[in-house]
Amino acid sequence: MTRELFEQELISMPMIVDVPYRFAAGKYMSRFLIGLKDNGKFLGIRCPSCNRVQMPPRIVCAACHVKNTEWVELGQEGTLAGFTIMYLPLTDPTTGKLHKPPFTYGSVRLDGCDSVIDHLVNIEPDVNKIWIGMRMKAVLRSKEQRTGDLSDILYFEPVEGQEKPGRQL
Amino acid sequence: MSEEKEYGPFEVDQHITAHSRYYAGKIGSLFYTTLRDHKKFLGIKCGTCDKVLWPPRGTCGRCFSQLSEADMVEIGPNGILETFTLITYHEPVHPRKAPFIYGIIKLDGADTGMAHFIDEVTFEQLETGMRLQPVFEEERKANILDIKYFRPL
């Protein structure tokens, strides 16, 4: 039985299911994406009840479910809150294409913000060169090339002149 | 951030993409290689239901009997048109640009039908129960598009 199975030619083929779609960004996300596209700025939103700042902005505070009203402008720099080295390809939601591994993916908390944004991190995928708490800055597409989605942030990269604290792994 | 500004509707284009691989399995592979090498169709007979299924599969969909290569039987190549529809819009899942006709074709000797293209005919000329014949690709690659389309006999 096993013998016959191996002698038989078995057919398989790559199957890529690609579903392009368009979504309405909504009131708050539109304002954020327009701010990013036109001015290269990150807009967050502060909760009037718990003072938590969320970015990307949502109408409702994720922690206390109150309507967010106060817009705040955030800077380009922040801190690495977590990271992973990807050994499997990641499907880019903007293009549907695969991002070739290995690469570094991380969560960055911009200064003055309480939530994190997950994005590509432009660091060699080596745990001795990345650490939580590392200072990061956003690298955006040039203004002419920005399209008004999250791919306008190309990646986050470390602020120069930092050294990993503690022992090397 | 003092002045209130009006913002128009704003839309973002994205993709949900699944990169995967389809494995035809033992019975499916035999179906595709026979189609490629001999331009012949294989169905599979469920002895319990006394039905011939096309395309062949490892399990009978009616009674869940386990089927094997020994149950495979040659069917077709001609068949009848069970039902059909005209596709007038383009979707990324379609292997062709609209407009085109999809039909469900029940091959001679089979009890089930399968979808494929119907060509060399206008939509108005089609009728259910019509006799059809397959047109094969010259360079066959062991997939379902080795059958180019079906046309009226």
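This is a predicted model: local features need pLDDT of at least 70, side-chain atom pairs count only at pLDDT 80 or more; totals for chains, interfaces and linings use all residues.
Two strands count as paired here if DSSP finds at least two bridges between them.

Take chain B, and strands S5 and S6. S5(B) covers residues 79–87 and S6(B) covers residues 100–107. The two run antiparallel and are joined by eight bridges. For one position to look at on screen, find B:Phe84, which stands opposite B:Gly103 in S6(B).

S6(B) also pairs with S7(B), residues 114–118. That pair is antiparallel too, with five bridges. Here B:Tyr102 has B:Phe117 in S7(B) as its bridge partner. Between the strands of this hairpin there are six residues, and B:Gly109 takes a positive phi near 95 degrees.

As a general point, side chains in a regular strand alternate between the two faces of the sheet.

Now the chain as a whole. How many helices and strands does chain B have? There are one helix and nine strands. Is chain B compact or spread out? Its radius of gyration is 21 Å, whereas the globule rule gives 15 Å for 153 residues, so chain B is more spread out than a compact globule. The C-alpha trace spans about 80 × 40 × 35 Å along its principal axes.

Two further figures for chain B. Of its 153 residues, 22% count as buried; the cut-off for that is 20 or more other C-beta atoms within 10 Å of the residue's own. Counting contacts with a separation of 6 or more, 50% are between residues 24 or more positions apart.

Next, the interface. On chain A, 33 residues are in contact with 27 residues of chain B. Which elements of chain A give two or more residues to that side? They are strand S1 (12–24), helix H2 (26–39) and strand S4 (70–74). S1(A) supplies the largest share, 13 residues. By class, the chain A side has 19 nonpolar, eight polar and six charged residues.

Technical notes. Residues are numbered from 1 along each chain as its sequence is written. Chains are lettered from A and ligands numbered from 1 in the order in which they are written. Helices (H or I, at least four residues) and strands (E, at least two) are DSSP runs, numbered from the N terminus. The radius of gyration is taken over C-alpha atoms; the globule rule is 2.2 Å times the number of residues to the power 0.38. A residue is buried if 20 or more other C-beta atoms lie within 10 Å of its own, exposed if 12 or fewer, and partly exposed in between; C-beta atoms are placed from the backbone. Two residues are in contact if their C-beta atoms, placed from the backbone, lie within 7 Å. Ala, Val, Leu, Ile, Met, Phe, Trp, Tyr, Cys and Pro count as nonpolar, Asp, Glu, Lys and Arg as charged, and the others, Gly among them, as polar.
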